[in-house]
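Q: Can you walk me through this one? I'd like the overall picture before the details.

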Amino acid sequence: METITVKYNPANALAMSAIELLQRIKGVTIISQPKTYKPNAETVEAIKEVRSGKCKHYKSADEMFDDIL
């Protein structure tokens with residue numbers, strides 16, 4: 001018996017449809033794995049900053065590089 005590992009996003013409807021299809025095939029076992037990624041405190045703060053709108057916005061990469069260099 002062969003093992004195939006498939007990583008998928010449970011929020012993606014197409015991915016979930018594919019998983020449901022695989023579950024219907026006799027002999028196929030789907031083993032879900034828990035989410036293992038946990039962002040550190042610095043990353044969490046950066047995400048909050050972006051979501052709150054407190055970050056700079058640029059219209060182009062050139063504009064961003066002009067600002068940071």
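Predicted model: local features only at pLDDT ≥ 70, side-chain atom pairs only at ≥ 80, totals over all residues.

Q: What share of the 69 residues is buried?
A: Buried residues come to 3% of the protein chain.

Q: And how does the radius of gyration compare with a compact globule of 69 residues?
A: The globule would be near 11 Å, but the protein chain has 20 Å. Its C-alpha trace spans about 60 × 25 × 20 Å along the principal axes.

Q: Which secondary structure elements are there?
A: Three helices and zero strands. From the N terminus on, the order is α-α-α.

Q: Take α2. What span should its 12 residues have, and what do the end C-alpha atoms give?
A: Helix α2 covers residues 41-52. At 1.5 Å a residue it should span 16 Å, and its end C-alpha atoms are 17 Å apart, so the two agree.

Q: What happens at the start of α2?
A: A side-chain oxygen of N40 comes to within 3.2 Å of the backbone nitrogen of E42.

Q: And what follows α2?
A: G53, with a positive phi near 85°.

Q: Changing topic: how many salt bridges are in the whole structure?
A: Two. In one, the side chains of E45 and K48 meet at 3.8 Å, N to O. Both residues lie in helix α2, three residues apart, which is about one turn of the helix.

Q: Is E45 buried, exposed or in between, and what about K48?
A: E45 is partly exposed because its relative accessibility is 48%, and exposed would need over 50%. K48 is also partly exposed, at 49%.

Q: Which side chains make the other bridge?
A: Those of D67 and K56, at 3.1 Å, N to O. D67 is in helix α3 (residues 61-68) and K56 is in the loop between α2 and α3, so this pair ties together parts that are 11 residues apart in sequence.

Q: How accessible are D67 and K56?
A: D67 is partly exposed, with 39% relative accessibility. K56 counts as exposed because its relative accessible area is 58%.

Q: Last topic. Which residues form the nonpolar patch on the surface?
A: I4, V6, Y8, L22, I25, V28 and I30, with about 570 Å² of accessible area together.

Q: Where does I4 sit, and is I4 buried or exposed?
A: I4 is in the segment before α1, which covers residues 13-23. I4 is exposed, as its relative accessible area is 72%.

Note on methods
Residues numbered from 1 in each chain as written. Heavy atoms only, no water. Patch = residues over 30% accessible without salt bridge, like charges linked within 9 Å, V, L, I, M, F, W, Y side chains within 5 Å. Areas by Shrake-Rupley, 256 points an atom, 1.4 Å probe, with all protein chains shown as cover. Salt bridge = Lys/Arg side-chain N within 4 Å of Asp/Glu carboxyl O. Helix = DSSP H or I, 4+ residues; strand = E, 2+ residues; numbered from the N terminus. Buried < 20%, exposed > 50% of the residue type's maximum accessible area, 1.4 Å probe, protein only. Expected span 1.5 Å × (residues − 1). Polar contact = N/O pair within 3.5 Å; in protein donor to acceptor, adjacent residues only side chain to side chain. Rg over C-alpha atoms; globule rule 2.2 N^0.38 Å.
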